[in-house]
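Visitor: Could you walk me through this one? I'd like to start with the pockets and then turn to the helix packing.

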Amino acid sequence: MSHEYAHVYSRHVQKGTQRQYAIIGSALALGAAGAGGGRERTRDPVPVRPPVARRGAGQLVGTTFTRGDEAQADEFGFYFYTHAGWDPQLFGRFFQLMIDKGYDKALAFLSDHPTLASRVQAAKERASKLGPDADRWRRPPVASASQFRDLQDRAARLSKSLPDDKSLAKTQNCWAALRESCLTPAIQADQLDAQKRLQRTWKSRSGGNARPMSRTPTDDW
């Protein structure tokens, strides 16, 4: 979470958008130049180069954060993490667990993230440089081991009383049968389908005596 917050703090989304606009502008300019050159050489009204430029631009536009953005998010994220009172040693442990699960197989020069191994090493170096003042930031765990087990047991008990997939599907069907807009009386096709499904359900449960649904399903409830 601290890493993701660091992306927000560093305005990486906005910077990525600006990069994308620059790439699109360059690609359009290149495409226009290629179209003119292609027509002159081939006398063909169909431009030759723009599709290639558009494909290249599309691939580049898909990259939001750079490797530098990710490294900076780790740096600031570590600062937020430790100043919030969390154990500095555990920041790097997260990346180590990902390595242990086999997630560090991509080639470094093809990835928009630093390698997990380098992120572990960077986290260890930052932790070693914190100094004695870092002890003032430490906070006790949110829950002890026994408290955490109690929370797990409670979650398991509550899950038995929560809606299952079938009951959720029925609820979603009821919502779909409602009017989709309070600004227009238009009835959508998916709304009609949901109303028909509810009507068939009511008819089967009432022995065929269910009356037709009105324009607003809530009137029948």
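Guide: The model is a predicted one, and in it the second largest pocket holds about 210 Å³ of space.

Visitor: Which residues line the second largest pocket?

Guide: Its lining is made up of Y81, A84, G85, W86, D87 and L90, together with R138, R139, P140, P141, V142 and A143.

Visitor: And how many of those are nonpolar, polar and charged?

Guide: The lining of the second largest pocket divides into 8 nonpolar residues, 1 polar residue and 3 charged residues.

Visitor: OK, what about the largest pocket, how much space lies in there?

Guide: About 400 Å³ of space lies in the largest pocket, and of the 17 residues that line this pocket, M1, H3, F91, F94 and F95 are the closest to its centre.

Visitor: Which elements give two or more residues to that lining?

Guide: Those elements are α1, which covers residues 2–9, along with α4 and α5, and the largest share of the lining, 7 residues, comes from α5. By class, the lining of the largest pocket has 8 nonpolar, 4 polar and 5 charged residues.

Visitor: Let's switch to the helices. At what angle do α5 and α6 pack?

Guide: Helix α5, residues 88–100, packs with α6 at an angle of about 170°, and their axes are 8 Å apart. With angles over 145 degrees counted as roughly antiparallel, α5 and α6 are therefore roughly antiparallel to each other.

Visitor: Is the crossing of α5 and α6 left-handed or right-handed, and which residues meet?

Guide: The crossing of α5 and α6 is left-handed. On the α5 side the contact involves P88, Q89, F91, G92, F95, Q96, M98 and I99, which meet L116, A117, R119, V120, A123 and A127 in α6. The residues of this contact divide into 10 nonpolar, 3 polar and 1 charged.

Visitor: And where does α4 come in, how does it cross α6?

Guide: The axes of α4, residues 67–83, and α6, residues 116–128, come within 11 Å and cross at roughly 35°, and α4 passes α6 in a right-handed crossing.

Visitor: Which residues of α4 and α6 meet?

Guide: From α4, the residues E70, A71, D74, E75 and F78 meet R119, A123, R126 and A127 in α6. By class, the contact of α4 with α6 has 4 nonpolar residues, no polar residues and 5 charged residues.

Definitions and conventions. Residues numbered from 1 in each chain as written. Predicted model: local features only at pLDDT ≥ 70, side-chain atom pairs only at ≥ 80, totals over all residues. Heavy atoms only, no water. Axes fitted to C-alpha atoms, helices over the stretch in contact; angles between N-to-C directions. Helix = DSSP H or I, 4+ residues; strand = E, 2+ residues; numbered from the N terminus. Left-handed = near helix turned anticlockwise from the far one by under 90°. Contact = heavy atoms within 4.5 Å. Nonpolar A, V, L, I, M, F, W, Y, C, P; charged D, E, K, R; others polar. Parallel < 35°, antiparallel > 145°, perpendicular 65-115°, else oblique. 1 Å grid on protein atoms, 1.4 Å probe; cavity = no way out; pocket = protein on both sides within 12 Å on 5 of 7 lines; lining within 4 Å. Points joined across faces, edges and corners; volume = space filled by probe spheres on them.
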